[in-house]
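User: I'm new to reading protein models and would like a close look at one part of this one. Could you walk me through the place where the ligand sits, and through what lies around it?

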Amino acid sequence: MAKLFATEAAAENSLEAMRIHGAYGYSKEFNIERYYRDAPLLCIGEGTNELQRIIISRQLVARNPV
Ligand SMILES: Cc1cc2nc3c(=O)[nH]c(=O)nc-3n(C[C@H](O)[C@H](O)[C@H](O)COP(=O)(O)OP(=O)(O)OC[C@H]3O[C@@H](n4cnc5c(N)ncnc54)[C@H](O)[C@@H]3O)c2cc1C
């Protein structure tokens, strides 16, 4: 859950930072450019977030039977 939340936050916030900084955000002079490139990879490594969602939801259903 922590990995899913943190990596989605990284993707969302790096995109927002890029847009706030405009052309400077795209320049290699600033770290934002690297965060923006790295964030999508974080959503893939160590199990993609799509599969994380499936695993988490299965566990939630198993722990909370109707
Ligand atoms: C930088 C990096 C680090 C990594 N580190 C690790 C690691 O430490 N440990 C490790 O085990 N693996 C690691 N991986 C492997 C990574 O977890 C795999 O790339 C991942 O399992 C996806 O496999 P795939 O690339 O073959 O994509 P595919 O399995 O072909 O999936 C393609 C897309 O379809 C989605 N998808 C697949 N099946 C389903 C489904 N049933 N329901 C919904 N969506 C689905 C996936 O989420 C993905 O978006 C790493 C990969 C990278 C790039």
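Let's start with Glu16, which is placed in helix 1 (residues 2–21). A helix here is a DSSP run of type H or I with at least four residues, and helices are numbered from the N terminus. Glu16 is partly exposed because its relative accessible area is 46%. The cut-offs are these: buried means under 20% relative accessible area, exposed means over 50%, and partly exposed is in between, with a 1.4 Å probe and protein chains only. From Glu16 to Asn31 there are 15 residues in sequence and 14 Å in space, taken from C-alpha to C-alpha.

Two notes before we go on. This is a predicted model, where local features need pLDDT of at least 70 and side-chain atom pairs count only at pLDDT 80 or more, while totals for chains, interfaces and linings use all residues. Residues are numbered from 1 along each chain as its sequence is written, and side-chain values use heavy atoms, with hydrogens and water left out.

Now to the ligand itself. Around the ligand you will find Leu41, Ile44, Gly45, Glu46, Gly47, Thr48, Glu50, Leu51 and Ile54; to be listed, a residue must have a heavy atom within 4 Å of the ligand. Sorted by class, this shell holds four nonpolar, three polar and two charged residues. In that sorting, Ala, Val, Leu, Ile, Met, Phe, Trp, Tyr, Cys and Pro are nonpolar, Asp, Glu, Lys and Arg are charged, and the others, Gly among them, are polar. Helix 4 gives the most to the shell, with three residues.

Which atoms come up against the oxygen atoms of the ligand? In the side chain of Thr48, an N or O atom is 2.5 Å from a ligand oxygen. The backbone takes part too: an N or O atom of the Gly47 backbone lies 3.1 Å from an oxygen atom of the ligand, and for the backbone of Ile44 the distance is 3.4 Å. The protein covers 32% of the 960 Å² of accessible area that the ligand has on its own. Such areas come from the Shrake-Rupley method with a 1.4 Å probe, and for residues only the protein chains shown count as cover.

The pairs above are polar contacts, meaning N or O atoms within 3.5 Å; within protein, one atom must be able to donate a hydrogen and the other to accept it, and residues adjacent in sequence count only if both atoms are side-chain atoms.

Glu46, one of the shell residues, sits in the loop between helix 3 (32–42) and helix 4 (49–63). With a relative accessibility of 79%, Glu46 counts as exposed. Its phi is near 60°, a positive value in a residue other than glycine.

Gln52 brings us into helix 4. Its relative accessibility is 17%, so Gln52 counts as buried. The Gln52 side chain reaches the backbone oxygen of Gly47 at 3.4 Å. Setting aside residues up to four places away in sequence, Gln52 touches Lys3, Glu46 and Gly47, where touching means heavy atoms within 4.5 Å.

Arg53 also belongs to helix 4, and at a relative accessible area of 40% Arg53 is partly exposed. Beyond its neighbours within four places in sequence, Arg53 is in contact with Leu4 and Glu8. Arg53 and Leu4 are 49 residues apart in sequence, but 7.7 Å apart in space from C-alpha to C-alpha.

Leaving out residues up to four places away in sequence, Thr7 touches Leu42, Cys43 and Asn49.

What about helix 3? Its buried residues are Ile32, Glu33 and Ala39. They lie on the same side of helix 3, because they cover an arc of only 130° around the axis; the arc is that of the directions from the helix axis to the C-beta atoms. These buried residues pack against helix 1 and helix 2 (23–26). Asp38, also in helix 3, is partly exposed, with a relative accessible area of 30%.

Helix 2 holds Gly25, which is buried at a relative accessible area of 0%. Apart from its neighbours within four places in sequence, Gly25 is in contact with Met18, Ile32 and Glu33.

Terms used: Helices (H or I, at least four residues) and strands (E, at least two) are DSSP runs, numbered from the N terminus.
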